[in-house]
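Subject: Structure for you to look at

Hello,

Here is the structure I said I would pass on. Please open it beside this message and follow along; my notes come after it.

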Amino acid sequence: MAAAAYFLLASAAPSLPARFHLPATATTTRSLSIPASSAPKTTTSCSLSISSRRPTVRRNAAETYVPGSGKYIAPDYLVKKVSAKEVEELVRGERKVPLIVDFYATWCGPCVLMAQDIEMLAVEYEDNALFVKVDTDDEYEFARDMQVRGLPTLYFFSPDQSKDAIRTEGLIPIEMIRNIIDNEL
């Protein structure tokens with residue numbers, strides 16, 4: 001089965017009956033599956049700017065609004081959000097499974113897409129890998145120290161501490177993540 005990259009397409013709202021008209025600015029979001037070999041050469045990452053101003057995020061008790069997407073997302077599912085100190089403890093500590101760290105931001109579209117794949121992999125590799133995520137807005141200095149320049153960025157740490165970490169940047173296919181976990185760590 002060929003790996004596929006997923007892109008969101010925004011199109012004008014379809015024609016609706018008069019009683020269901022959407023505002024003129026409304027858009028419909030559809031998911032499009034494109035085989036990786038024919039995927040367009042477009043940027044699939046968000047750049048991390050060195051601005052002290054944080055994006056405006058409206059917080060609810062159980063959900064966070066992602067500006068511009070029209071979506072609310074729960075802050076934590078299976079993949080636990082951790083602090084810089086917790087990541088350092090996990091990396092230095094003794095583990096029997098690989099550690100995958102997802103650097104993301106709530107305002108980053110590719111990060112939201114990648115988070116869905118990471119959640120599926122967390123279920124798939126339940127006892128064979130540990131997945132955590134770090135919000136770059138909350139842990140800016142740590143992200144800078146880890147040389148996170150684009151989002152999403154994944155770090156793969158082997159349980160064997162003599163091996164170097166593997167780093168990916170941008171939206172990557174779920175098959176590539178599986179391959180790194182199964183064959184490289």
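A residue is called buried when its relative accessible area is under 20%, and exposed when that area is over 50%; values in between count as partly exposed. Cys 111 has a relative accessibility of 2%, so it counts as buried. Cys 108 is buried too, with a relative accessible area of 0%. The number of disulfides in the structure is 0. Please keep in mind that this is a predicted model.

The strand to start with is E10, residues 153-157. How many of its residues are buried? The count is 5 of 5, so by the under 20% cut-off the strand is mostly covered. This holds for both faces of E10: Thr 153, Tyr 155 and Phe 157 are buried on one side, and Leu 154 and Phe 156 on the other.

Which strands pair with E10? One is E7, residues 99-104, which runs antiparallel to E10 and is joined to it by 5 bridges. Within this pairing, Ile 100 has Phe 156 of E10 as its bridge partner. Another is E11, residues 166-169, also antiparallel, with 4 bridges to E10. There, Leu 154 is partnered by Thr 168 of E11.

Most residues other than glycine have a negative phi, and most peptide bonds are trans. The peptide bond from Leu 151 to Pro 152, however, is cis, with omega near -10°. Pro 152 sits in the loop between strand E9 (150-151) and E10. Is Pro 152 buried or exposed? Its relative accessible area is 1%, so it is buried. Pro 152 and Ala 115 are 37 residues apart in sequence, and their C-alpha atoms are 9.1 Å apart in space.

Gln 147 is the other residue to check: it is not a glycine, yet its phi is positive, at about 60°. Gln 147 belongs to the loop between helix H3 (140-145) and E9. With 46% relative accessibility, Gln 147 counts as partly exposed.

Next, the interior. In soluble globular proteins, nonpolar side chains tend to be buried together. Here the largest nonpolar core has 20 residues, and Val 101, Phe 103 and Leu 151 have the most contacts inside it. At least two residues of this core come from each of helix H1 (84-92), E7, E8, H3 and E10. E7 gives the largest share, 4 residues. Apart from this core lies another, of 19 residues, including Ile 100, Leu 171, Ile 174 and Leu 185.

What does Phe 103 touch, leaving aside its neighbours within four places in sequence? Its contacts include Val 134, Phe 142, Met 146, Leu 151, Pro 152 and Tyr 155.

Regards

Key:
Residues are numbered from 1 along each chain as its sequence is written. This is a predicted model: local features need pLDDT of at least 70, side-chain atom pairs count only at pLDDT 80 or more; totals for chains, interfaces and linings use all residues. Side-chain values use heavy atoms; hydrogens and water are left out. Buried means under 20% relative accessible area, exposed over 50%, partly exposed in between (1.4 Å probe, protein chains only). Two strands pair if DSSP finds at least two bridges between them. A disulfide is a pair of cysteine sulfur atoms within 2.5 Å. A nonpolar core is a set of buried Ala, Val, Leu, Ile, Met, Phe, Trp, Tyr and Cys residues joined through side-chain atoms within 4.5 Å. Contact means heavy atoms within 4.5 Å.
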